[in-house]
Amino acid sequence: MAETHGTSEPAGPTGAARRAETLARPVPAWRTYTILVRATWRSMRVHRVNLAMTFLGSAALQGTQLAFIGVLLNAFGAIAGWSVGEVALLYGLRLTAHGVCTINFGQHRGSAQAIRDGIWDRFLLRPAPPLMQLLTRMFNPGTIGDLVLGLAILVTAAGMVDVAWTPGRIVYLALAAIGGGLVEAGMQIAISGLDFRWGPITRVKDTIDRILTDFGAYPMSIFGVVGGWLLTALIPLAFMAYLPITVVLGRADEAVVPSAVAVLSPLAGPVLLVAGVLCFRLMSRWYTSPGN
(Lines give C-alpha, C1' and ligand atoms only; values in the text may rest on other atoms or scores of the structure.)
Protein backbone atom coordinates (compact mmCIF):
# COMPACT_ATOMS: atom_id res chain seq x y z
CA MET A 1 0.00 0.00 0.00
CA ALA A 2 1.38 3.38 -0.96
CA GLU A 3 2.47 5.55 1.90
CA THR A 4 0.41 8.71 2.24
CA HIS A 5 1.95 12.04 3.12
CA GLY A 6 0.15 14.97 4.76
CA THR A 7 -0.41 18.02 2.59
CA SER A 8 1.84 20.92 3.45
CA GLU A 9 0.38 24.29 4.47
CA PRO A 10 0.56 26.87 1.65
CA ALA A 11 3.28 29.42 2.10
CA GLY A 12 1.93 32.94 2.40
CA PRO A 13 -1.68 34.17 2.42
CA THR A 14 -4.39 32.45 0.42
CA GLY A 15 -6.06 34.07 -2.61
CA ALA A 16 -9.07 35.12 -0.52
CA ALA A 17 -6.81 36.66 2.10
CA ARG A 18 -4.90 38.59 -0.56
CA ARG A 19 -8.14 39.93 -2.02
CA ALA A 20 -9.34 40.98 1.42
CA GLU A 21 -6.03 42.73 2.06
CA THR A 22 -6.34 44.59 -1.26
CA LEU A 23 -9.89 45.70 -0.49
CA ALA A 24 -8.84 46.93 2.93
CA ARG A 25 -6.01 49.02 1.53
CA PRO A 26 -7.05 52.71 1.21
CA VAL A 27 -7.27 54.08 -2.31
CA PRO A 28 -5.05 57.15 -2.87
CA ALA A 29 -6.95 60.41 -3.31
CA TRP A 30 -5.47 61.05 -6.77
CA ARG A 31 -6.66 57.65 -7.99
CA THR A 32 -10.15 58.21 -6.59
CA TYR A 33 -10.25 61.58 -8.33
CA THR A 34 -9.10 60.03 -11.63
CA ILE A 35 -11.74 57.30 -11.47
CA LEU A 36 -14.53 59.80 -10.78
CA VAL A 37 -13.40 62.16 -13.56
CA ARG A 38 -13.17 59.35 -16.10
CA ALA A 39 -16.64 58.12 -15.20
CA THR A 40 -18.09 61.62 -15.58
CA TRP A 41 -16.30 62.17 -18.89
CA ARG A 42 -17.61 58.87 -20.26
CA SER A 43 -21.17 59.88 -19.42
CA MET A 44 -20.68 63.23 -21.20
CA ARG A 45 -19.38 61.61 -24.40
CA VAL A 46 -22.72 59.90 -24.91
CA HIS A 47 -24.21 63.23 -26.05
CA ARG A 48 -21.52 64.30 -28.49
CA VAL A 49 -23.58 66.91 -30.34
CA ASN A 50 -24.40 68.67 -27.09
CA LEU A 51 -20.73 68.43 -26.14
CA ALA A 52 -19.64 70.16 -29.35
CA MET A 53 -22.34 72.84 -29.23
CA THR A 54 -21.58 73.74 -25.60
CA PHE A 55 -17.88 73.95 -26.43
CA LEU A 56 -18.48 76.29 -29.37
CA GLY A 57 -20.99 78.38 -27.43
CA SER A 58 -18.55 79.00 -24.59
CA ALA A 59 -15.77 79.95 -27.00
CA ALA A 60 -18.12 82.35 -28.80
CA LEU A 61 -19.17 83.96 -25.50
CA GLN A 62 -15.59 84.62 -24.47
CA GLY A 63 -14.79 85.80 -27.97
CA THR A 64 -17.36 88.61 -27.70
CA GLN A 65 -15.48 90.14 -24.78
CA LEU A 66 -12.23 89.89 -26.69
CA ALA A 67 -13.90 91.65 -29.63
CA PHE A 68 -15.07 94.45 -27.30
CA ILE A 69 -11.54 94.93 -25.99
CA GLY A 70 -10.32 95.02 -29.59
CA VAL A 71 -12.79 97.81 -30.38
CA LEU A 72 -11.51 99.84 -27.42
CA LEU A 73 -7.90 99.37 -28.44
CA ASN A 74 -8.67 100.24 -32.05
CA ALA A 75 -10.35 103.46 -30.91
CA PHE A 76 -7.82 104.58 -28.33
CA GLY A 77 -4.64 102.75 -29.39
CA ALA A 78 -3.73 101.64 -25.86
CA ILE A 79 -5.20 101.09 -22.39
CA ALA A 80 -3.22 102.73 -19.57
CA GLY A 81 -0.15 102.57 -21.78
CA TRP A 82 -0.60 98.89 -22.56
CA SER A 83 -0.45 97.99 -26.26
CA VAL A 84 -2.80 95.68 -28.13
CA GLY A 85 -0.43 92.73 -27.73
CA GLU A 86 0.12 93.33 -24.02
CA VAL A 87 -3.61 93.53 -23.26
CA ALA A 88 -4.20 90.43 -25.39
CA LEU A 89 -1.48 88.58 -23.46
CA LEU A 90 -3.15 89.59 -20.18
CA TYR A 91 -6.56 88.49 -21.43
CA GLY A 92 -5.18 85.21 -22.75
CA LEU A 93 -3.55 84.35 -19.42
CA ARG A 94 -6.68 85.31 -17.47
CA LEU A 95 -8.90 83.15 -19.71
CA THR A 96 -6.46 80.23 -19.59
CA ALA A 97 -6.38 80.40 -15.78
CA HIS A 98 -10.18 80.54 -15.77
CA GLY A 99 -10.25 77.41 -17.93
CA VAL A 100 -7.89 75.62 -15.52
CA CYS A 101 -10.27 76.49 -12.69
CA THR A 102 -13.57 75.60 -14.36
CA ILE A 103 -12.39 72.31 -15.88
CA ASN A 104 -11.14 70.97 -12.56
CA PHE A 105 -13.23 72.80 -9.95
CA GLY A 106 -16.19 74.35 -11.78
CA GLN A 107 -18.80 72.11 -10.18
CA HIS A 108 -18.48 74.01 -6.90
CA ARG A 109 -21.57 75.84 -8.21
CA GLY A 110 -23.61 72.72 -7.54
CA SER A 111 -23.12 72.89 -3.77
CA ALA A 112 -26.45 74.63 -3.10
CA GLN A 113 -28.40 72.02 -5.07
CA ALA A 114 -26.52 69.15 -3.41
CA ILE A 115 -27.45 70.54 0.01
CA ARG A 116 -31.06 71.37 -0.87
CA ASP A 117 -31.83 68.03 -2.56
CA GLY A 118 -30.06 65.86 0.00
CA ILE A 119 -27.40 64.74 -2.49
CA TRP A 120 -24.82 65.61 0.16
CA ASP A 121 -26.22 62.73 2.24
CA ARG A 122 -25.12 60.31 -0.47
CA PHE A 123 -21.69 61.93 -0.62
CA LEU A 124 -21.25 61.36 3.11
CA LEU A 125 -22.07 57.65 2.81
CA ARG A 126 -19.48 56.97 0.12
CA PRO A 127 -15.78 56.33 0.79
CA ALA A 128 -14.57 59.21 -1.40
CA PRO A 129 -14.24 62.73 0.11
CA PRO A 130 -17.58 64.61 -0.26
CA LEU A 131 -16.01 67.70 -1.83
CA MET A 132 -14.21 65.56 -4.39
CA GLN A 133 -17.52 63.90 -5.29
CA LEU A 134 -19.13 67.32 -5.72
CA LEU A 135 -16.37 68.56 -8.00
CA THR A 136 -16.51 65.44 -10.20
CA ARG A 137 -20.28 64.92 -10.18
CA MET A 138 -20.80 66.58 -13.56
CA PHE A 139 -18.67 68.10 -16.29
CA ASN A 140 -19.40 71.25 -18.27
CA PRO A 141 -17.90 70.87 -21.77
CA GLY A 142 -18.00 74.63 -22.20
CA THR A 143 -15.03 74.88 -19.88
CA ILE A 144 -12.87 73.28 -22.57
CA GLY A 145 -13.77 76.19 -24.82
CA ASP A 146 -12.46 78.63 -22.19
CA LEU A 147 -9.14 76.79 -21.95
CA VAL A 148 -8.63 76.27 -25.70
CA LEU A 149 -9.50 79.87 -26.59
CA GLY A 150 -7.33 81.18 -23.76
CA LEU A 151 -4.34 79.18 -24.95
CA ALA A 152 -4.90 80.29 -28.55
CA ILE A 153 -4.98 83.97 -27.51
CA LEU A 154 -1.96 83.48 -25.27
CA VAL A 155 0.13 81.93 -28.05
CA THR A 156 -0.96 84.54 -30.60
CA ALA A 157 -0.33 87.48 -28.24
CA ALA A 158 3.11 86.12 -27.32
CA GLY A 159 4.26 86.97 -30.84
CA MET A 160 2.87 90.52 -30.58
CA VAL A 161 4.91 91.70 -27.59
CA ASP A 162 8.56 92.62 -27.33
CA VAL A 163 9.57 89.81 -24.99
CA ALA A 164 12.39 87.30 -25.37
CA TRP A 165 10.58 84.01 -24.74
CA THR A 166 13.25 82.03 -22.94
CA PRO A 167 12.40 78.60 -21.49
CA GLY A 168 12.31 80.19 -18.03
CA ARG A 169 9.68 82.75 -19.07
CA ILE A 170 7.57 80.07 -20.77
CA VAL A 171 7.64 77.87 -17.66
CA TYR A 172 6.82 80.89 -15.49
CA LEU A 173 3.82 81.73 -17.69
CA ALA A 174 2.60 78.12 -17.49
CA LEU A 175 2.92 78.15 -13.69
CA ALA A 176 1.11 81.50 -13.61
CA ALA A 177 -1.82 80.01 -15.56
CA ILE A 178 -2.08 77.08 -13.15
CA GLY A 179 -1.61 79.32 -10.11
CA GLY A 180 -4.24 81.77 -11.35
CA GLY A 181 -6.72 78.95 -11.82
CA LEU A 182 -6.07 77.70 -8.29
CA VAL A 183 -6.58 81.21 -6.88
CA GLU A 184 -10.02 81.41 -8.49
CA ALA A 185 -10.86 77.86 -7.40
CA GLY A 186 -9.85 78.47 -3.79
CA MET A 187 -11.92 81.62 -3.56
CA GLN A 188 -15.02 80.10 -5.16
CA ILE A 189 -14.82 76.89 -3.11
CA ALA A 190 -14.59 78.92 0.09
CA ILE A 191 -17.64 80.96 -0.94
CA SER A 192 -19.52 77.75 -1.79
CA GLY A 193 -18.97 76.58 1.78
CA LEU A 194 -21.20 79.41 2.95
CA ASP A 195 -24.15 77.52 1.43
CA PHE A 196 -24.06 75.33 4.54
CA ARG A 197 -24.51 78.32 6.85
CA TRP A 198 -26.53 80.90 4.95
CA GLY A 199 -28.43 78.85 2.39
CA PRO A 200 -28.03 79.23 -1.40
CA ILE A 201 -25.72 82.13 -2.25
CA THR A 202 -25.70 81.62 -6.01
CA ARG A 203 -26.09 85.35 -6.61
CA VAL A 204 -22.92 86.03 -4.62
CA LYS A 205 -21.03 83.51 -6.76
CA ASP A 206 -22.42 85.08 -9.93
CA THR A 207 -21.37 88.54 -8.75
CA ILE A 208 -17.83 87.40 -7.97
CA ASP A 209 -17.61 85.61 -11.32
CA ARG A 210 -18.81 88.76 -13.09
CA ILE A 211 -16.18 90.88 -11.34
CA LEU A 212 -13.43 88.42 -12.28
CA THR A 213 -14.58 88.35 -15.91
CA ASP A 214 -15.18 92.07 -16.39
CA PHE A 215 -12.18 93.46 -14.48
CA GLY A 216 -9.65 90.70 -15.10
CA ALA A 217 -9.17 91.59 -18.75
CA TYR A 218 -7.69 95.04 -18.08
CA PRO A 219 -4.53 96.39 -16.42
CA MET A 220 -5.18 97.08 -12.74
CA SER A 221 -3.63 100.54 -13.08
CA ILE A 222 -6.78 101.87 -14.76
CA PHE A 223 -8.71 101.35 -11.50
CA GLY A 224 -6.47 103.63 -9.44
CA VAL A 225 -4.58 102.87 -6.24
CA VAL A 226 -7.68 102.13 -4.15
CA GLY A 227 -9.20 99.93 -6.86
CA GLY A 228 -5.87 98.16 -7.33
CA TRP A 229 -5.66 97.34 -3.61
CA LEU A 230 -9.28 96.13 -3.53
CA LEU A 231 -8.64 93.82 -6.51
CA THR A 232 -5.42 92.54 -4.95
CA ALA A 233 -6.10 92.18 -1.23
CA LEU A 234 -9.89 91.92 -0.90
CA ILE A 235 -10.60 90.03 -4.13
CA PRO A 236 -7.30 88.45 -5.26
CA LEU A 237 -7.96 89.10 -8.94
CA ALA A 238 -4.50 90.56 -9.55
CA PHE A 239 -2.89 87.22 -8.64
CA MET A 240 -4.84 85.42 -11.38
CA ALA A 241 -3.07 87.07 -14.32
CA TYR A 242 -2.15 90.72 -13.87
CA LEU A 243 0.80 90.38 -11.47
CA PRO A 244 2.52 87.55 -13.43
CA ILE A 245 2.06 89.46 -16.70
CA THR A 246 3.65 92.60 -15.23
CA VAL A 247 6.68 90.46 -14.37
CA VAL A 248 6.89 89.02 -17.89
CA LEU A 249 6.45 92.43 -19.53
CA GLY A 250 8.81 94.24 -17.14
CA ARG A 251 5.98 96.33 -15.68
CA ALA A 252 6.09 95.03 -12.10
CA ASP A 253 6.63 98.58 -10.82
CA GLU A 254 3.04 99.42 -11.87
CA ALA A 255 1.55 97.01 -9.31
CA VAL A 256 0.43 98.18 -5.88
CA VAL A 257 2.47 95.41 -4.24
CA PRO A 258 6.28 95.07 -4.14
CA SER A 259 7.97 93.52 -7.17
CA ALA A 260 8.98 90.46 -5.12
CA VAL A 261 5.32 89.72 -4.39
CA ALA A 262 4.51 90.02 -8.09
CA VAL A 263 7.29 87.57 -8.98
CA LEU A 264 6.05 85.03 -6.43
CA SER A 265 2.35 85.53 -7.29
CA PRO A 266 1.90 82.05 -8.88
CA LEU A 267 2.54 80.56 -5.42
CA ALA A 268 -0.64 82.20 -4.15
CA GLY A 269 -2.65 79.59 -6.06
CA PRO A 270 -1.83 76.49 -3.97
CA VAL A 271 -2.04 78.52 -0.75
CA LEU A 272 -5.50 79.91 -1.50
CA LEU A 273 -6.77 76.55 -2.78
CA VAL A 274 -5.81 74.83 0.49
CA ALA A 275 -7.37 77.69 2.45
CA GLY A 276 -10.57 77.46 0.38
CA VAL A 277 -10.87 73.70 0.87
CA LEU A 278 -10.31 74.03 4.63
CA CYS A 279 -12.95 76.77 4.80
CA PHE A 280 -15.41 74.59 2.86
CA ARG A 281 -14.82 71.61 5.16
CA LEU A 282 -15.29 73.81 8.22
CA MET A 283 -18.57 75.20 6.91
CA SER A 284 -19.81 71.72 5.96
CA ARG A 285 -20.01 70.83 9.67
CA TRP A 286 -23.21 72.87 9.76
CA TYR A 287 -24.87 70.62 7.19
CA THR A 288 -28.40 69.57 8.07
CA SER A 289 -30.04 66.88 5.98
CA PRO A 290 -33.31 68.02 4.37
CA GLY A 291 -34.78 64.70 5.56
CA ASN A 292 -34.34 65.65 9.23
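## Helix α13 and T246

T246 sits in helix α13, which covers residues 242-249. Helices here are DSSP runs of H or I with at least four residues, numbered from the N terminus. T246 is buried, with a relative accessible area of 0%. Buried means under 20% relative accessible area, exposed means over 50%, and partly exposed lies in between, using a 1.4 Å probe and protein chains only. T246 and A262 are 16 residues apart in sequence, and their C-alpha atoms are 7.6 Å apart in space.

## Basis of the model

This is a predicted model, in which local features need pLDDT of at least 70, side-chain atom pairs count only at pLDDT 80 or more, and totals for chains, interfaces and linings use all residues. Residues are numbered from 1 along each chain as its sequence is written, and side-chain values use heavy atoms, with hydrogens and water left out.

G85 belongs to helix α4, residues 84-105. G85 counts as buried, at 4% relative accessibility. A sequence gap of 74 residues separates G85 from G159, yet their C-alpha atoms are 8.0 Å apart.

A80 is placed in the loop between α3 (48-76) and α4. A80 is not a glycine, but has a positive phi of about 55°. Most residues other than glycine have a negative phi. A80 is partly exposed, with a relative accessible area of 43%.

## Helix α11

Helix α11 has 14 residues, 202-215. From first C-alpha to last it reaches 20 Å, close to the 20 Å expected at 1.5 Å a residue. The expected span is 1.5 Å times one less than the number of residues. In α11, K205, I208, L212 and T213 are buried. They cover an arc of only 130° around the axis, so they are on the same side of α11. The arc is that of the directions from the helix axis to the C-beta atoms.

## Helix α15

Helix α15 has 16 residues, 268-283. Its end C-alpha atoms are 22 Å apart, which agrees with the 22 Å it should span at 1.5 Å a residue. Its buried residues are A268, G269, L273, G276, V277, F280 and M283. Down the axis of α15 they fall within an arc of 155°, so they line one face of the helix. The face turned away from this buried side carries the exposed residues V271, V274 and L278.

## Salt bridges

The structure holds seven salt bridges. A salt bridge is a side-chain nitrogen of Lys or Arg within 4 Å of a carboxyl oxygen of Asp or Glu. One of them joins R109 and D206, with the closest N and O atoms 2.5 Å apart. This pair links distant parts of the chain: R109 is in the loop between α4 and α5 (111-116), D206 is in helix α11, and the two are 97 residues apart. R109 is partly exposed, with a relative accessible area of 39%. D206 is also partly exposed, at 35%.

K205 and D195 meet through their side chains at 3.1 Å, N to O, in a salt bridge. K205 lies in helix α11 and D195 in helix α10 (residues 195-198), so the pair ties together parts that are ten residues apart in sequence. K205 and D195 are both buried. D117 pairs with R116, their closest N and O atoms being 3.3 Å apart. D117 counts as partly exposed, at 41% relative accessibility, whereas R116 counts as exposed, at 52%. E86, R251 and E254 are linked in a network of salt bridges.

## Cysteines

The structure holds zero disulfides. A disulfide is a pair of cysteine sulfur atoms within 2.5 Å. C101 counts as buried, at 2% relative accessibility. C279 counts as partly exposed, at 26%.

## A nonpolar surface patch

V171, L175 and I178 make a nonpolar surface patch of about 270 Å². Patches are made of residues with over 30% relative accessible area and no salt bridge; like charges are joined within 9 Å, and nonpolar side chains (Val, Leu, Ile, Met, Phe, Trp, Tyr) within 5 Å. Accessible areas come from the Shrake-Rupley method with a 1.4 Å probe, and for residues only the protein chains shown count as cover. V171 is found in helix α9, residues 167-193. V171 counts as partly exposed, at 49% relative accessibility.
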